[in-house]
Amino acid sequence: MATNSRGQFNSRLGFVLAAAGSAVGLGNIWKFPFEVGAGGGAAFVLIYLAFCFLLCFPVMISEIAIGRKTQLNAVGAFKKLGHHNWAWVGFMGVVAGVLILSFYNVVAGWAFGYFLEMAQGNFDFGSVEKFVGFTADWEHIFIYGIVFMGITALIVSKGIQGGIEKAAKILMPTLFAMIIGLMIYAFTLSDAMAGIEYYLVPDFSEITGEVIYSALGQAFFSLSLGMGALITYGSYVSRKQDIVRSAALITLTDVSVAFLAGLMIFPFVAFLNAGDMSSVSGGPGLIFMTLPGVFESLGPLLGKIIGAVFFLLLSFAALTSTVSLLEVPVAYLVDEKKIKRPVAVWSMAIIIFAIGIPSLLSYGASETLSAFVNLFKADANGVLKETALPFLDFVELIASDTFLPLGGTFIAIFTAYVWKKNNLNAELMEGRATSSQWLSKYIDFAIMFICPIILGAITIITILERFF
Ligand code: PHE
């Protein structure tokens, strides 16, 4: 039977943990805090939360339902439910997945490298110079990247039950506990309040178009939405499972981890800057430059232990995400191109690693790639804004900040107007344990109107503003 030969998650918890494992990753702990920093603090947080629940949650339900209904990869699923000419939405997702994994693996490699540094008590890696030196040291970063991609490929080649599900079950809860522990420690530090205030008390004058666009991109990225990762995982879900409830659990878990990571990091930032939050701009070095100093404050032995464990767990959180990213192109090759799983896994891993090399070199190893592109328009005076992006950030902007919301918009339009609402609802009824009327009504309304129109509008405006 098709279902069995493709593999299936063993239990409800298995799927929720694996999907939450996909969602929880560098997006929550590395990207979210610096996006908050770039977006001016609490105002960003508020918009981000609204997007997660109001726009992303219904898209997540659609993705899982499409996957379970068709039991296919992202491309095949659209073909089966729509017409052949919808397959490109799935294909765009596969491309987005490949691009995201190409840079994600680089940052995951940094996290892994930091685990090694912290284990040796090298807390000075928290200084700007040391961080820049670390990311520019391409020979080491190269090896970390290969190790990370290799482990990812090993897990994915084992298939659903053997690899993904087992890993997620153990690692997720441990990470969660660790963040809570560090958060409590953060609260005890001097100047912690300044950080909390920055994070939780919104200053609405900070809201600009750019803040809204990046909050949307961040919401999609963090929830692993818009590229078919959850269509693919959904295709391994049993018909007895309640999709709405699972999606709610996944969303809540992901948002909580990001939210707690923020509650942990901003008091730390305030502590290290003696309460001055005006210089928080974030940038991809934020956690790498902040946390080591905090670990140092714990004393040499405890700092070493906590620091190493933290970056190890962060690497694991990244691993459950890289696994889901690699699974998208692999499932496509296995289902549509009839390529054997191990062949698909290892060839994709090598290709994606290669695509990631320019990103890998763009944090200091190559000047050209570090100042790759000046993408944004001129300001009102005709002066080009100073926004030379490292190649890594450029790929991130294209793949996660642009492709994902765009993919999400198409998924919503597809679900509402091609596959049709009634078919979605029939799929959601299977395995539905609770029937919350208002929630069902909201999902209907969101899929028909809010997602296609509001999500679509913000996405189009973002693209026009950013690139034209
Ligand atoms: N959600 C993951 C994170 O936050 C990244 C990811 C994006 C994974 C898209 C899969 C698909 O780290």
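Is L17 buried or exposed? L17 is buried, since 27 other C-beta atoms lie within 10 Å. A residue counts as buried if 20 or more other C-beta atoms lie within 10 Å of its own, as exposed if 12 or fewer do, and as partly exposed in between, with C-beta atoms placed from the backbone. L17 is part of helix α2. Its C-alpha lies 7.8 Å from that of I250, although L17 and I250 are 233 residues apart in sequence.

The model is predicted: local features need pLDDT of at least 70, side-chain atom pairs count only at pLDDT 80 or more, and totals for chains, interfaces and linings use all residues. Residues are numbered from 1 along each chain as its sequence is written. The average pLDDT of the protein is 91, and 94% of the residues score at least 70; pLDDT is the predictor's confidence in each residue, from 0 to 100. The model has an ipTM of 0.99 and a pTM of 0.94.

The protein has 20 helices and 2 strands. These are DSSP runs numbered from the N terminus, with helices being H or I of at least four residues and strands E of at least two. The C-alpha trace spans about 55 × 50 × 45 Å along its principal axes. For 468 residues, a compact globule would have a radius of gyration near 23 Å, and the 21 Å of the protein agrees with this. That radius is taken over C-alpha atoms, and the globule rule is 2.2 Å times the number of residues to the power 0.38. Of the 468 residues, 54% are buried. Among contacts between residues at least 6 apart in sequence, 84% join residues at least 24 apart; a contact means C-beta atoms, placed from the backbone, within 7 Å.

The largest nonpolar core holds 165 residues, and C56, M60, I61 and A111 have the most contacts inside it. Helix α6, residues 87-119, gives the most to this core, with 19 residues. Such a core is a set of buried Ala, Val, Leu, Ile, Met, Phe, Trp, Tyr and Cys residues joined through C-beta atoms within 7 Å. Beyond its neighbours up to four places away in sequence, I61 touches I243, V244, A247, L428 and I443.

The ligand has 15 residues around it, of which G25, G27, S224, A229 and S321 come nearest. The elements giving two or more residues to this shell are α2 (12-23), α3 (26-38), α11 (209-222) and α15 (300-336). The shell has 7 nonpolar, 8 polar and no charged residues. Here Ala, Val, Leu, Ile, Met, Phe, Trp, Tyr, Cys and Pro count as nonpolar, Asp, Glu, Lys and Arg as charged, and the others, Gly among them, as polar.

S224 sits in the loop between α11 and α12 (229-234). S224 has a positive phi of about 60 degrees although it is not a glycine, and it is buried, with 31 other C-beta atoms within 10 Å. A274, in the loop between α13 (243-272) and α14 (286-296), has a positive phi of about 50 degrees and is not a glycine either. A274 is exposed, because 9 other C-beta atoms lie within 10 Å.

S238 lies in the loop between α12 and α13 and is partly exposed, with 16 C-beta neighbours inside 10 Å. Leaving aside neighbours within four places in sequence, S238 is in contact with Q8 and F9.

Key. Near = placed C-beta within 6 Å. Contact = placed C-beta atoms within 7 Å.
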